[in-house]
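Welcome, and thanks for taking a look at this one with me. Here are a few points to follow as you turn the model around.

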Amino acid sequence: MSSKEKPTLGGTRIKTRKRNITIPLDPASFSDAVVQIYLDNAGDLELIARNIESSELDFSRYGDTFFEVIFTGGRTQPGTTKPDEGERHPYSILDCEPKREAILPSVIYIQKILRRRPFLIKYLENVMRRFLQSLEFFEENERKKLAIFTALAFSQKLSGLPPETVFQPLLKDNLVAKGLVLSFITDFFKEYLMDNSLDDLISILKRGKVEDNLLEFFPSAKRSAEGFSEHFTKEGLVPLVEYNAKKMFDVKLSEMKSALTTQIAEETDIAEVIESVKLRMRDANLPDIEVVRILWDVIMDAVQWSGKNQQQNANSALRQVKTWAELLNTFCSTGKLELELIYKVQMQCYEDAKLMKLFPEIVRSLYDQDVLAEDTILFWFRKGTNPKGRQSFVKALEPFVNWLEEAEEEE
C-alpha cells in the first residue's frame, strides 16, 4: 500500500482577529490642555475660541470636562462640584462678577463652540443638570451667577438647550425646602425679563413643563397664592404675579365647570348642586358673574341636539332650561346678573346656527321660570349694549316685549 502525503500548513499565514484597543480616559490631561489655552490667551474668549477650534483635543470623550473648565476654571471631582487636582484658570463663569455684562461673553463664546461642535450640547446639559442639582454646594453669589448664565442662555437662544434640563433638576425636595430654588428662579426670572416679554418666559416654562407648577419652587411654608404674590411683588415681578393669579383663577373656573358637568350629566339633586356651587364660590372666591356664565355653558352643553330638526332642538333646549331653572334662579340674584345671563344667551344664539331662532323662546322660558325679571328683559330690549346679532334678536323678541308692555299697562 502506498501512503499518501498528509497536507501541511507550510507557507500558509494564519490570520488572527485583532482586538479593539481601548485608550484609557485621561480627563486630567484634557483639562490641563484647555486651561493652558485660557492662560495663554489671558482669558480673551475670542482668541480662546480660535485656539479651541484649531486644537486636536478629543471633545467627544471629554465634553463634560470641557464645560467644567468653562464654568469653574478647572476639572471637578466625579459626580460633584468640588475642584479636582490639576491646573486652573481665573476666567471662569463662577470667577467673574455676578452681572450680565460679565457673564454674557461666556454665553456667546459657548454659542460659537456649539455651532462648530453641536454634539457638545448634551455635555452642557449634563454639567448644568449636575450643578443645578447641587446648588447647596455653591456660594450664594455663585448661585446667582448660574441663574444669570441660565437666563442669558435662553435669551440668546443657546443652541438646542432644552428648558427641562434647567427646571426639572431644581425640583429636589431638599433644595426647595432650603429656599435655594426660589432664590435661583427669582434671579432667573428677573434677568430673563430684562430682555424678553412675559409671554416669552411663559413659553419657556411651558416647554420646561413647570408652567402649571410654579408654586412647587416655594418651600412648603410659603407655598400659597398669597406667598407667591407677596414674594414676586416684593421682587418687582408684578406682571408674573398677575399672570399667575389669572392662571389660578382659570384653573378654579375649569374645576367648577368640570364638577358641574358631571353633576348635571348624572342629574344630581338640584339642592346638592346649589350647595356645591356655593361652596366652590366661597373657597375659590369666584365672582358671581363668572359663575352665571359657567352655569349657562354647562346646562346648554348637556343638551342632546338632534342635527337639523329645529323643533326637536328647541324642545330639548327649553326642557333643559326648565329642569335647571332653580339653579339659574339661585345665582341670578340681581338685575345685573340677569342681564349678564341674557347677554350670554345672546352670544350663544349668535355663534351657534342651530340656536339662532331660539333666542326669543329661551328668553320667554327663562321669564316663565322666574329666572329673568320683566324689567331686565325690557332694559336689554331698549338699551342692550352687545351688538352681535342684536338687530335680529330685538326684532324676534318684539312680540314678547309688546305682550309684556301691554300686560304692564293693564295692571
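1. I270 counts as buried, because its relative accessibility is 18% and the cut-off for buried is under 20%. Please keep in mind that this is a predicted model.

2. Where does I270 sit? You will find I270 in helix α13, which covers residues 270–284.

3. Which residues does I270 touch, leaving aside those up to four places away in sequence? The partners are T323, W324, E326 and L327. Take T323 from that list: 53 residues separate I270 and T323 in sequence, while in space their C-alpha atoms are 9.1 Å apart.

4. Now move to helix α7 (residues 163–170) and helix α10 (residues 198–207), whose axes come within 8 Å and cross at roughly 70°. The range 65 to 115 degrees counts as roughly perpendicular, so α7 is roughly perpendicular to α10. On the α7 side, the contact is made by P163, E164 and F167, and on the α10 side by I204, L205 and R207. By type, the residues of this contact between α7 and α10 divide into four nonpolar and two charged, with no polar ones.

5. Finally, step back to the chain. How does the domain assignment divide the chain? The assignment gives domain 1 as 27–237 and domain 2 as 246–409. Between the C-alpha centres of domain 1 and domain 2 there is a distance of 53 Å.

Note on methods:
Residues are numbered from 1 along each chain as its sequence is written. This is a predicted model: local features need pLDDT of at least 70, side-chain atom pairs count only at pLDDT 80 or more; totals for chains, interfaces and linings use all residues. Side-chain values use heavy atoms; hydrogens and water are left out. Helices (H or I, at least four residues) and strands (E, at least two) are DSSP runs, numbered from the N terminus. Buried means under 20% relative accessible area, exposed over 50%, partly exposed in between (1.4 Å probe, protein chains only). Contact means heavy atoms within 4.5 Å. Axes are lines fitted to C-alpha atoms, for helices over the stretch in contact, and angles run from 0 to 180 degrees between N-to-C directions. Angles under 35 degrees count as roughly parallel, over 145 as roughly antiparallel, 65 to 115 as roughly perpendicular and the rest as oblique. Ala, Val, Leu, Ile, Met, Phe, Trp, Tyr, Cys and Pro count as nonpolar, Asp, Glu, Lys and Arg as charged, and the others, Gly among them, as polar. Domain bounds come from an automatic or database domain assignment.
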